[in-house]
Number of protein chains: 4
Amino acid sequence: MAPNAPRIVALLSGPDQKGLVSKVSSWIFENGGNIIHADQHHDPEAGVFFQRVEWAVEGERTAEEDAKAFYAFGDSIGMKTHVAISGCNPKVALMVSKADHCFHDLILRWKAGDFPCEIALIISNHETLKEASENYGIPFAYIPVARETKSEAEAQQLALLKQNNIELVIMARYMQVLSPIFLDTIGKPVINIHHSFLPAFAGAKPYHQAHKRGVKLIGATAHYATADLDQGPIIHQAVANITHRNTVRDLIRKGRDMEKLTLATAVSRHLENRILVYENKTVVFD
Amino acid sequence: MAPNAPRIVALLSGPDQKGLVSKVSSWIFENGGNIIHADQHHDPEAGVFFQRVEWAVEGERTAEEDAKAFYAFGDSIGMKTHVAISGCNPKVALMVSKADHCFHDLILRWKAGDFPCEIALIISNHETLKEASENYGIPFAYIPVARETKSEAEAQQLALLKQNNIELVIMARYMQVLSPIFLDTIGKPVINIHHSFLPAFAGAKPYHQAHKRGVKLIGATAHYATADLDQGPIIHQAVANITHRNTVRDLIRKGRDMEKLTLATAVSRHLENRILVYENKTVVFD
Amino acid sequence: MAPNAPRIVALLSGPDQKGLVSKVSSWIFENGGNIIHADQHHDPEAGVFFQRVEWAVEGERTAEEDAKAFYAFGDSIGMKTHVAISGCNPKVALMVSKADHCFHDLILRWKAGDFPCEIALIISNHETLKEASENYGIPFAYIPVARETKSEAEAQQLALLKQNNIELVIMARYMQVLSPIFLDTIGKPVINIHHSFLPAFAGAKPYHQAHKRGVKLIGATAHYATADLDQGPIIHQAVANITHRNTVRDLIRKGRDMEKLTLATAVSRHLENRILVYENKTVVFD
Amino acid sequence: MAPNAPRIVALLSGPDQKGLVSKVSSWIFENGGNIIHADQHHDPEAGVFFQRVEWAVEGERTAEEDAKAFYAFGDSIGMKTHVAISGCNPKVALMVSKADHCFHDLILRWKAGDFPCEIALIISNHETLKEASENYGIPFAYIPVARETKSEAEAQQLALLKQNNIELVIMARYMQVLSPIFLDTIGKPVINIHHSFLPAFAGAKPYHQAHKRGVKLIGATAHYATADLDQGPIIHQAVANITHRNTVRDLIRKGRDMEKLTLATAVSRHLENRILVYENKTVVFD
């Protein structure tokens, strides 16, 4: 195997039918590709087939030509197809407020080479993280949000995201609810981190809710944001044990580590093209 | 320290006041006791103090005399007090239906010496576990429950529990809801295992609910049963990771291990007199 | 898909070569099979390819004919091949001493339908679990082992295993070291549970070693037994947190749950034909 | 309770004797203190008693006077005593090389208010993290280490630590072994993070060792550095699951999160005066 050959990751989904695995792998083989990983799933209830396949492009075509040909092939077998070429790092924007733990965590992981992307923009409704963003060398857009100016602020945000060719938005503890209009309009995935094990404690102040109920573990949930608040497809969840000794402040502090890890895991899975969404759930190939 | 001296565990709770730790430890010291463990907690918001203290009775009095004197002392400092003498194993009843995993697990742990109690009675609304109970040498009472006979059945259950001097009831996947009347009347703690991370997925068929929502972890919650279904004070919780591959059947199977461990942990903590309840929450001293 | 079609699981391993995934899936498709799961792995350093593929037999041949044909196909592409037909439950023997936690756990899981096998024989060097075995309806062979009679005892064990067509031996806390001769002769896999996170604390009394060293977690390791004591290929490992409060007795008690879960997981993976061994390591397809 | 009263934490250890808990709590009560937390442990084998007690100073003396008086009291009952006053943040030095994950993690936690200390100095054998240190506003000392200059370099390090009144040294993935002479001379605690679950894989390249052995989990261990490499008292350990798919590079990446969390937990416990060392083990009060 040529170690430096470009790689393609394809995600397919569609109605289950006999022979799909064979058809896909044969196509790749016949086109000179070498399969590195392949994973599939079928949901017998829904009758849907899902596949993630990654291959080294070793034929005569370029990766771009191969990708284009694979799209056509996907159509021909009735599969919805998404193809990504390794090295084409998508542009990502972070939306933040004042809390900085997920902000630093994501940027440091990116700088350490963990995320195949380019963090190209920070948008915030506060100026708190302006200097830190600039120290990291990332453009920072301060767009304040008040109740009466929210729709204008969102219009500004959308314009900025479009202008910067942003392919993924990460709400890294952004403390504003994005409106259904924003989420319907944006046309790109938005990943949010909610600080509870959803569906428990949706909405505001989940650590306060958890403390009041006297639960023995707290959680964090990374999900795609949809027009229904905290109801979008769940990507990853984690929990940590707590005891009667822990105050709300302790939960907030303990929660930070969970939030960082959970959001980073979800972002990583997304950027590696491991996630397919259907029926408000996710298939996450590992 | 006399290794075979009888031991006393006292649980105290009441309005916080300066010097409580000192008063309690001085009382024990002056009465010839030797403190083995002591743990305390105070809730600054509620202004309540909690203590668990365990000591070896090495003075001239018997453990029973010491216990009686300590109750009087507890009263004198305004504390609600519960005292248990080691070796006085309380009688416990299991309520079961058809599922046998928690049933076997609890009995085998008890037989292995993990639980300081006597499992004295099995009550079931099915005959499924009759033979297994008898093989273990534990009396089995079959009390069928139908909608129209439920109150009579509960009256029978209550009579049986009283007659057998049962100090703790464990709902080991008993698939009937105990009525508020039963729970108000029984006068003894009832521990239930619910197969979700409460407050998520309360009520019926939590694994089905979890599968439908597409969560990435499932849970189990052991709590004291109260008149509000699945709303009682939580004792212990645990979770396990799941993926898109897992069917409802997989969740049920995976869940069994969590249910066993979570219920066993809660029962153990209760029998070791580690739990205090207040404001629908628990203090669990470890 | 025919829901009641028999299923075949094939495990393949051999020198990596381009197009293997395609060849295997095409063979299955062309022979009327419907792939349910397929997973593969290649070790780029060793240049070895591994695959597990499970399919529903929906062509005109029986599962037995299909299996036979697949063996021939595996040979033709230079792969070492193992094929299992669903429903053909292999016979399993447990080797036990006095400790009964893994013994009960494995048998109860099997009776609950978790293990596709038949637990056909218990072998022990003590009579402790004779009655319990018989209550479960499983033949119990008491073969005492003393230093001077060990080789005779092992000869007896081997004869019994062969005579009963045992396909898998599980050392469920069997407290004798099996000799290299036994392990070289048996010709069937032997799974052992060691009560530490190997390679730490190999050999005797691992909980005592762990307590002495003052570690903050204890572990359990399920592995295939080989002639090198505690050095065989690791299948599964788990750990639990401990504190300075825990005595050796506590570690032993806490460890039981880990041992049960770890061994049960390893046995399950093995019986579902998910494990391939190479270079003293395992590939465990999940 | 006066919410802004200064607090004292005392750690005591010494030969077990009847009435210690009572004596300590009575002293605090009689001196006007209000116990916030108290935890104790006794090792029956070693016959040693350990206590951590935290109280609000509400009498007429200052915290400094109270602390001094408590030292005298500790002496009078034969206990080795350590007393810390809240708000007196000790100075801490980080020793680093090129890897920056623990470096950023510790500093960001400190800046977030998680650590009651002052990170006053970074010492490194490389210049890699010079700029980052300066951005954080922390003095950076570059002291290169070569085999032949090691003792001089260590002398320089020791001088610098002394000169800056450093009370705790944290080896945040410092890739040089500190000599026994250094560790015997320094007279202050040194916390190290080792990237394996010790005692497994002590020494160099633990992730390579783990990969070679085929373990199913990797670990991290924070311990006090002693003259015996990787043999010092263990403070905290954590593990993460790995599979056959993970390369050494994956282990290194996965390991970073464990290393960060494990080291941060150990540092936090140390700075909160929760740790007592005896017989090469730790008592860690939580």
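1. Contacts of C:Pro15. Beyond its neighbours within four places in sequence, C:Pro15 touches C:Leu20, C:Gly47, C:Phe49, C:Gly78 and C:Met79. The model is a predicted one, and the contacts discussed here should be read as features of that prediction.

2. Setting of C:Pro15. This proline lies in strand β1 of chain C, which covers residues 7-15. Is C:Pro15 buried or exposed? C:Pro15 has a relative accessibility of 51% and therefore counts as exposed, the cut-off being over 50%.

3. Extent of the interface of chain B and chain A. Here 33 residues of chain B are in contact with 33 residues of chain A. The buried area is about 2,700 Å², and carbon and sulfur atoms contribute 54% of it. On the side of chain B, the residues that lose the most area to chain A are B:Arg213, B:Lys216 and B:His244, which together account for 25% of what that side buries.

4. A salt bridge joins the side chains of A:Asp39 and B:Arg245, with an N to O distance of 2.7 Å. Polar contacts link 18 residue pairs across the interface of chain B and chain A, both residues of each pair being at pLDDT 80 or more.

5. Elements on the side of chain B. At least two residues each of the side that touches chain A are supplied by β2 (33-43), α7 (206-213), β11 (234-241) and β13 (281-284) of chain B. Of the elements in chain B, β11(B) gives the most, namely six residues. Sorted by class, this side of chain B holds 14 nonpolar, eleven polar and eight charged residues.

6. Extent of the interface of chain A and chain D. Chain A and chain D contribute eleven residues each to their contact. About 1,100 Å² is buried between chain A and chain D, with 41% of that area coming from carbon and sulfur atoms.

7. Salt bridges and composition at chain D. The rule finds six salt bridges across the interface of chain A and chain D. A:Arg109 and D:Asp257 form a salt bridge through their side chains, at 2.7 Å from N to O. Four residue pairs are in polar contact across the interface of chain A and chain D, again with both residues at pLDDT 80 or more. On the side of chain A that touches chain D, α3 (101-111) and α8 (248-271) of chain A each provide at least two residues. The largest share, five residues, belongs to α8(A). Which classes make up this side of chain A? Seven of its residues are charged, three are nonpolar and one is polar.

Key. Residues numbered from 1 in each chain as written. Chains lettered and ligands numbered in written order. Predicted model: local features only at pLDDT ≥ 70, side-chain atom pairs only at ≥ 80, totals over all residues. Heavy atoms only, no water. Contact = heavy atoms within 4.5 Å. Buried area = accessible area lost by both parts, 1.4 Å probe. Salt bridge = Lys/Arg side-chain N within 4 Å of Asp/Glu carboxyl O. Polar contact = N/O pair within 3.5 Å; in protein donor to acceptor, adjacent residues only side chain to side chain. Helix = DSSP H or I, 4+ residues; strand = E, 2+ residues; numbered from the N terminus. Nonpolar A, V, L, I, M, F, W, Y, C, P; charged D, E, K, R; others polar. Buried < 20%, exposed > 50% of the residue type's maximum accessible area, 1.4 Å probe, protein only.
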